[in-house]
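The following note is meant for a colleague opening this structure for the first time. The points may be read alongside the sequence and the 3D view.

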Amino acid sequence: MCGIVGYIGKEKTTPLLLQGLKRLEYRGYDSAGLALSINGSLTVLRQKGNLDQLEKIVDHDKLDSRLGIGHTRWATHGEPSKRNSHPHTDCSGKIAVVHNGIIENWHELRDELIDSGHEFTSETDTETLAHLVEANFNGDLKEAVKKALRRIKGSYAIAVISSEDPSKLIAARKDSPLVLGIAESGIFVASDIPALIDQTRKIVIIEDEELVEVAQDGYQITSGDDVLIKRDSIEVKWDIEAAEKGGFADFMLKEIYEQPSAIQDTLRGQLDEDGKVNFDDLLLDKEKIEDIDKIFIVACGTSLHAGMIAKLAIEKWAHISVEIDCSSEFRYREPVLSDKSLLIAITQSGETADTLAGIRKAKEKGAKIIAVTNVVGSSITREADGVVYTHAGPEIGVAATKTHVSQIAALILLSMFIARQKNGLDDSFFQKIAESLSKVPEKVDEILGKAETIKEWAKKYHDVYDFLFIGRGVGYPVAMEGALKLKEISYIHAEGYPAGEMKHGPIALINDGVPVLAIALKGKVFEKIVSNMQEAKSRGGSIIAITDSDDNQIRALTDDVFVIPESDEMSSAILSVIPLQLLSYFIAKERGCNVDQPRNLAKSVTVE
Ligand code: M6R
């Protein structure tokens, strides 16, 4: 995840910025940079790789600065490289910008700026902002930034400096965190509290759509509609470990709570309100997609479960047959592929060895390849014909949570895209799905607000030996994911099963008190799963339901029920998996397990 640190004050800037950036390293990044105001001009230093690489080109004796901004970049637009790393500057090199977030309308702004003579040197959305500030600059940096931001759609936390107005640092935020740190020697700006904790514990939280002008001895916050805001600092008491986890007990819990914004960021800029999907890096045009007669999906673990939802969406909406396989099986079987086949490979890390091998196999047979990944510049992006990015930010907990829901969101978009090219479903259909998707982040928030209910369940169920998860339709992959999450972090034996298959064997596992958790979603298989729950209950199982149907029939049948908000069929998979993540988390905690680093598991599986 990108990180921002800025400083204006009496001390030398460079060591302070480097120290702050170092504190943000744990979040993951691929390049780093600094912009320093020195004797009336800006010095910009940037490097691909880690901070050690940046430090190699820093000559502290020559960099005598009292104003500067720094950044660690996690690539979203443009590969990890020196020229794409922040800070970005305008044409004159007198304005420098660091940015976290996504500028949705950067293409059109960039075209407009190029038409009026601006020259771009990177592939990033952020550089647009540097030129926009330049275009609006009239000697007052704050005014220029304010005007530039009025043109921006999307999310941002920014810090901007200019050699033409060197007594201030301007920062602003929308949907991306930003704080000030008040120290004896000066004032810091940062995207996250850990960056500041070595220097000060006096923190001012900047709220959404606020802009702040920071000088050596004070700051002035204004709201989006230009009203002056008085806000004092608060004292943070966190140690560095708590600060890194944003006050959450574990990275996994933090990441579970980051899911609304991870989904929002994945939809941002890739879906418009009319249901049109735009993928910057897909590189497959209408003709190529029209030509496809079969789709294959390969992935492992949690990514495979996201793929199972994509299969349902593509077959239903685009009417193309989809085969899905775990990568380790696909790579050694003899799938019938041709140049009319499309392979969708899903991997949050972009490095999973079996999935990469699956791609190579499909390529040999002439298939086109789309990768769905969270990591720009990862191995898979270099091997695929086109890439669809999830924008979940780096995930530190081994258990995939926010990357999973972002995968489902991105795959729903990809399914819409293919369906639109393929069979021309009418516009109102896509509009409805877009409308429903746009409400998913707030519905996830609503579910997270009821986490206490699930915590209570965990007290009741944490010492069982077996746990069964059942579902039908999109509820089936969700059940699989629920079982995987529980076994990987709590070490309880868990099975995820298609509910209708239970009577062909697994129902024998059920006896008194075995928890059977059903994903019971409204739709054509609702009555069927209710019957399956009935079958489990009559064998003594404790029946738990995650449902969007708050009715007496379900209440009468269940020991515990969690009602999720209604949504469209595919995105209800996102909503119903959230309580399962929480359940695994709270059960694992009850059992004293290390949820962030479960035994025997690695975040990225780069070996066969
Ligand atoms: O990086 P990938 O998405 O390719 O990883 C695949 C699996 O190893 C991964 O999804 C794994 O199942 C999860 N970490 C489980 O939570």
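1. The ligand is surrounded by 14 residues, the closest of which are Ser303, Thr347, Ser349, Thr352 and Glu488; a residue counts as near when one of its heavy atoms lies within 4 Å. The model is predicted, with local features requiring pLDDT of at least 70 and side-chain atom pairs pLDDT 80 or more, while totals for chains, interfaces and linings use all residues. Residues are numbered from 1 along each chain as its sequence is written, and side-chain values use heavy atoms, leaving out hydrogens and water.

2. By class, the shell around the ligand comprises 5 nonpolar, 7 polar and 2 charged residues. Here Ala, Val, Leu, Ile, Met, Phe, Trp, Tyr, Cys and Pro count as nonpolar, Asp, Glu, Lys and Arg as charged, and the others, Gly among them, as polar.

3. Helix H10 (301-318) and helix H18 (475-490) are the elements giving two or more residues to the shell. Helices (H or I, at least four residues) and strands (E, at least two) are DSSP runs numbered from the N terminus.

4. How do helices H8 and H16 cross? The axes of H8 (residues 259-267) and H16 (residues 440-448) come within 8 Å and cross at roughly 170°; axes are lines fitted to C-alpha atoms over the stretch in contact, with angles from 0 to 180 degrees between N-to-C directions. H8 is therefore roughly antiparallel to H16 (an angle over 145 degrees). Gln259, Pro260, Ile263 and Gln264 of H8 meet Val440, Pro441, Val444, Asp445 and Leu448 of H16, contact meaning heavy atoms within 4.5 Å.

5. Two loops deserve a look. The peptide bond from His86 to Pro87 is cis, with omega near 0°, and Pro87 lies in the loop between strands E4 (67-73) and E5 (88-89). Asn39, although not a glycine, has a positive phi of about 45°; Asn39 sits in the loop between strands E2 (31-38) and E3 (41-48).

Key
Parallel < 35°, antiparallel > 145°, perpendicular 65-115°, else oblique.
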